[in-house]
Amino acid sequence: MKIHCNQTFEAHNLLSCRGIYLQTEVNALISRMRNYIVSHGAKQVGSLINASFSLVTSESQSKVDLEIMIPLDKMIDPSDVFAVKPIFRLTNALKIRHEGNPIGLQETANQLNSYIIFNNLELASTCYKVTIKEAETLKGLDSMIIDLYVSIQDGKKQICNIL
């Protein structure tokens, strides 16, 4: 897989939600966000963006500290659950594309991490996942496309290699 260097990713007018969730709660949260968007007369205009910040384990349950962002055609009002962000930007980022079932996404992330370690790079952000092609059905899982981005500390110029 090819790793692209010195990338910039930018999205505007985002509805955002960050919290600690069970993995089984994530799809329902995304549905709630999309319903909120429609109820406020807006439309999703870009790819769903998410990032995991940490894993929280308690009483035999694992939860993830997760942020989900959805770019919109216009700004809408925040709620007590959802925030709005006028802009989200990652700069000086590495990007790798995962094509296929998300079960293999960890292997793609591992390749990106190996590149970072091999080149002695320092992270400036967590890894953001940008869903380019979503699955409409279970059969569609095998044709999903997800880009992974991670910003690198300024001053660290990357020389891209294929791993």
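Select Lys-95, which lies in strand E4. Strands (E, at least two residues) and helices (H or I, at least four) are DSSP runs, numbered from the N terminus. The model is a predicted one, in which local features need pLDDT of at least 70 and side-chain atom pairs count only at pLDDT 80 or more, while totals for chains, interfaces and linings use all residues. Residues are numbered from 1 along each chain as its sequence is written, and side-chain values use heavy atoms, with hydrogens and water left out.

Is Lys-95 buried or exposed? Lys-95 counts as buried because its relative accessibility is 15%; buried means under 20% relative accessible area, exposed over 50%, and partly exposed in between, with a 1.4 Å probe and protein chains only. Now show what surrounds Lys-95. Not counting residues up to four places away in sequence, Lys-95 touches Lys-2, Ile-3, His-4, Gln-7, Asp-147, Leu-148 and Tyr-149. Contact here means heavy atoms within 4.5 Å. From Lys-95 to Leu-148 the C-alpha distance is 5.5 Å, although they are 53 residues apart in sequence.

Next, switch to a cartoon view and follow the strands. Six of them form a closed barrel in the order E1-E3-E2-E5-E6-E4, with antiparallel pairing. Neighbouring strands of this sheet are turned by 45 degrees against each other on average, direction ignored. Strands of a sheet pair through backbone hydrogen bonds, either parallel or antiparallel. In this model, two strands pair if DSSP finds at least two bridges between them.

Select residues 128-133 and 145-151, which are strands E5 and E6. These two pair in the antiparallel sense over five bridges.

Move on to helix H2, residues 105-118, which lies across E1 (3-22), E4 (83-99), E5 and E6. H2 runs at about 85 degrees to E4, where axes are lines fitted to C-alpha atoms, for helices over the stretch in contact, and angles run from 0 to 180 degrees between N-to-C directions.

The loop between E4 and H2 holds Pro-102. Pro-102 is partly exposed because its relative accessible area is 29%. Leaving aside neighbours within four places in sequence, Pro-102 is in contact with Leu-141 and Met-144.

Now select the aromatic residues Phe-9, Phe-88, Tyr-128 and Tyr-149, which ring pairs link into a cluster. Rings of Phe, Tyr and Trp (its six-membered ring) pair if their centres lie within 6.5 Å; planes under 30 degrees apart count as stacked, over 60 as edge-to-face and the rest as tilted. By this rule the count comes to four aromatic pairs. Phe-9 and Tyr-149 have ring centres 5.1 Å apart and planes at 40 degrees, so this pair is tilted. Phe-9 is in strand E1 and Tyr-149 in strand E6, 140 residues apart. Both Phe-9 and Tyr-149 are buried.

Last, colour the nonpolar cores, which are sets of buried Ala, Val, Leu, Ile, Met, Phe, Trp, Tyr and Cys residues joined through side-chain atoms within 4.5 Å. The largest has 18 residues, and those with the most contacts inside it include Leu-15, Met-33 and Ile-70. E1, helix H1 (26-39) and strand E3 (61-71) each supply at least two residues of this core, and H1 gives the most, with six. A second, separate core of 14 residues includes Leu-105, Leu-112, Tyr-115 and Met-144.
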